[in-house]
Amino acid sequence: MKFKITPYHFDLIKDSQRLSAFYQAISEYDGTNDLAYDLGCGSGILSYFLSSNFNEIISLEIDSSAYKCAKENLADFENVKVINADVLEYEFDRKADLIVCEMMDTALIDEEQIPVLNHARKCLKPEGKIIPQAIFNSAELVNLEREYIHWDENARYEVFSDALIYSEFDFMEDIDPNFETTLSLKVKRDGTVNGLKITTFTKLADDIVCGPTPMLNPPLLIPFEEKSVKSNEYITVKLKYIMGNGIESIELNVI
Ligand SMILES: C[S@@+](CC[C@H](N)C(=O)[O-])C[C@H]1O[C@@H](n2cnc3c(N)ncnc32)[C@H](O)[C@@H]1O
């Protein structure tokens with residue numbers, strides 16, 4: 001099958017690790033299911049995977065170029081309906097067996113996964129499921145080269161602490177987008193730290209956890225004022241952000 005695609009969605013489907021994890025999770029559903037929603041369907045690739053396992057798929061996409069691609073790509077699939085809409089304004093009038101929502105970003109800060117799921121979850125049948133199921137986030141102290149918030153593609157940094165899992169979200173539960181925590185991170189070696197690395201792991205199904213991939217939650221690097229550290233000491237960091245409000249919402253203070 002040839003896919004018409006925007007450059008951004010081309011990068012998304014080139015990421016084979018991301019795609020195969022979603023393919024595997026969707027393949028766990030047999031062909032006896034009724035309705036699935038694909039929220040933020042992009043090129044329509046996940047709707048294409050869903051098309052053999054569900055009687056009906058409703059695919060929503062806010063971006064009009066991506067919507068046009070998905071509509072064309074899925075034109076031959078009579079069980080897929082592609083709609084150009086903002087999920088946050090969409091009135092769900094049907095109950096679904098499954099919601100697939102891949103609006104992921106590291107720690108869910110820069111994309112609308114949380115507000116969208118908080119709005120859409122009510123359209124699930126009582127036994128309905130969500131892919132992905134959950135995420136968990138870890139933090140490490142690092143020494144960064146760059147002085148601004150960035151993702152780790154081609155960025156150089158050195159890790160100075162153990163990784164600490166600091167939060168976990170189950171997508172079946174209503175989630176407060178305002179996140180705040182205090183982390184105590186154990187330093188592994190003497191040196192200078194000036195940043196925090198956040199890594200997000202995605203649980204797509206009971207037996208599928210996908211670590212960061214180039215297009216699925218690449219680690220996020222957040223700078224702070226330089227600090228000398230000694231091996232085995234603990235550094236306390238206050239971290240605050242609003243999930244769905246972008247990286248501008250991040251506040252980080254070393255105490
Ligand atoms: C990370 S991309 C994933 C695309 C596709 N699901 C995939 O896995 O290849 C997220 C998509 O969600 C769309 N999106 C973001 N916010 C949305 C919203 N509020 N309503 C509908 N679509 C949205 C974006 O335009 C983008 O195409």
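User: What is the volume of the largest pocket?
Analyst: In this predicted model, the largest pocket has a volume of about 670 Å³.

User: Which residues are closest to its centre?
Analyst: Of the 34 residues that line the largest pocket, Y8, L12, E102, M103 and E111 are the closest to its centre.

User: How do the lining residues divide by class?
Analyst: The lining of the largest pocket has 17 nonpolar, six polar and eleven charged residues.

User: Changing topic: where does the ligand sit?
Analyst: The ligand is located in the largest pocket. It is surrounded by 20 residues, and the closest of them are H9, R18, G40, E61 and E112.

User: Which helices each supply at least two residues of that shell?
Analyst: They are helix 1, residues 7-14, and helix 3, residues 45-50. Helix 1 gives the largest share of the shell, three residues.

User: What is the shell like by class?
Analyst: Around the ligand there are ten nonpolar, three polar and seven charged residues.

User: How far are the polar side-chain atoms of R18 and E61 from oxygen atoms of the ligand?
Analyst: For R18, the distance from a polar side-chain atom to a ligand oxygen is 2.8 Å. For E61, the corresponding distance is 2.6 Å.

User: How much of the ligand's exposed area does the protein bury?
Analyst: The ligand taken alone exposes 600 Å², and the protein buries 94% of that.

Note on methods: Residues are numbered from 1 along each chain as its sequence is written. This is a predicted model: local features need pLDDT of at least 70, side-chain atom pairs count only at pLDDT 80 or more; totals for chains, interfaces and linings use all residues. Side-chain values use heavy atoms; hydrogens and water are left out. A residue is near a molecule or strand if one of its heavy atoms lies within 4 Å of it. A polar contact is a pair of N or O atoms within 3.5 Å; within protein, one must be able to donate a hydrogen and the other to accept it, and residues adjacent in sequence count only if both atoms are side-chain atoms. Accessible areas come from the Shrake-Rupley method with a 1.4 Å probe; for residues, only the protein chains shown count as cover. On a 1 Å grid over the protein atoms alone, a cavity is a set of points where a 1.4 Å probe fits but cannot get out, and a pocket is an open set with protein on both sides within 12 Å along at least five of seven lines; lining residues have an atom within 4 Å of a point. A molecule sits in a cavity or pocket if more than half of its atoms lie within 2 Å of its grid points. Helices (H or I, at least four residues) and strands (E, at least two) are DSSP runs, numbered from the N terminus. Ala, Val, Leu, Ile, Met, Phe, Trp, Tyr, Cys and Pro count as nonpolar, Asp, Glu, Lys and Arg as charged, and the others, Gly among them, as polar. Grid points are joined across faces, edges and corners, and a volume is the space filled by probe spheres set on the points.
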